[in-house]
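Dear colleague,

Please find below the structure that I am handing over to you.

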Amino acid sequence: MNDEKTIRLDRMRYTKNSLASGLALLAILVNVFYFINIYESNVASWYYNILMGASILYNLIFMLAAFLCSEGIKNYKIGYAYGMFVLGIIQIIRIFIYPVRAHSSTVEIMKETVTVMETKQFITCVIYLVVSAACLILGAIVGVVRSRQLQAHIASLEAQQG
């Protein structure tokens with residue numbers, strides 16, 4: 001049993017952390033679905049403001065940062081796991097920026113009051129952001145655990161040689 005664990009840990013020196021990396025890439029994909037869902041909306045001129053520009057800029061930065069974390073965590077670099085955790089928390093916070101505001105806002109179109117974001121779209125947006133956050137946080141946890149295991153294993157090998 002102990003030999004199997006040692007072999008598994010030793011293999012980590014030569015293989016990539018593909019689970020954590022894949023979860024970060026999945027978070028990017030789900031964020032793209034969110035991006036498409038929210039930006040295809042065109043209800044009067046509610047979306048045309050500085051917040052929309054900031055949101056688009058953030059989405060681009062988010063995707064670049066998540067991809068960078070994906071590449072870094074692949075090589076068991078623990079700092080990238082912490083970056084993924086922060087990005088996951090920000091994804092949760094984003095629920096309260098656009099989706100909640102748009103869902104609770106109304107505009108008047110042809111003398112009829114219309115909700116900016118219907119309930120179905122709101123739920124879809126929230127699901128996308130929660131899934132994206134969950135992927136990032138789960139990937140961060142996997143990354144931290146595996147990075148620490150590998151660091152401890154390498155330290156024990158160095159102690160045996162020394």
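Two residues are said to be in contact when heavy atoms of each lie within 4.5 Å. The model is a predicted one, and every value below was computed from it.

I begin with Asn 31, which is found in helix H2. Leaving out residues up to four places away in sequence, Asn 31 touches Asn 59, Phe 62, Met 63, Gln 91, Arg 94, Leu 129 and Ser 132. Asn 31 is buried, its relative accessible area being 0%. Its side chain also makes a polar contact, at 3.1 Å, with the side chain of Arg 94.

Turning to the nonpolar residues, the largest nonpolar core has 19 members, of which Phe 62, Ala 66, Ile 73, Met 84, Leu 87 and Leu 136 touch the most others. Helices H2 (18–39), H3 (50–74), H4 (78–94) and H6 (119–161) each give two or more residues to this core. As for Met 84, its contacts beyond four places in sequence are Ala 20, Ala 24, Cys 69, Ile 73, Leu 136, Gly 139 and Ala 140.

Finally, the cysteines. The disulfide count is zero. For Cys 69, the closest cysteine sulfur belongs to Cys 135 and is 14 Å away, so the two are too far apart for a bond. For Cys 125, the closest is likewise that of Cys 135, at 17 Å, again too far for a bond. Cys 69 is buried, with a relative accessible area of 7%, and Cys 125 is buried at 0%.

Yours sincerely

Key: Residues are numbered from 1 along each chain as its sequence is written. This is a predicted model: local features need pLDDT of at least 70, side-chain atom pairs count only at pLDDT 80 or more; totals for chains, interfaces and linings use all residues. Side-chain values use heavy atoms; hydrogens and water are left out. A nonpolar core is a set of buried Ala, Val, Leu, Ile, Met, Phe, Trp, Tyr and Cys residues joined through side-chain atoms within 4.5 Å. Buried means under 20% relative accessible area, exposed over 50%, partly exposed in between (1.4 Å probe, protein chains only). Helices (H or I, at least four residues) and strands (E, at least two) are DSSP runs, numbered from the N terminus. A disulfide is a pair of cysteine sulfur atoms within 2.5 Å. A polar contact is a pair of N or O atoms within 3.5 Å; within protein, one must be able to donate a hydrogen and the other to accept it, and residues adjacent in sequence count only if both atoms are side-chain atoms.
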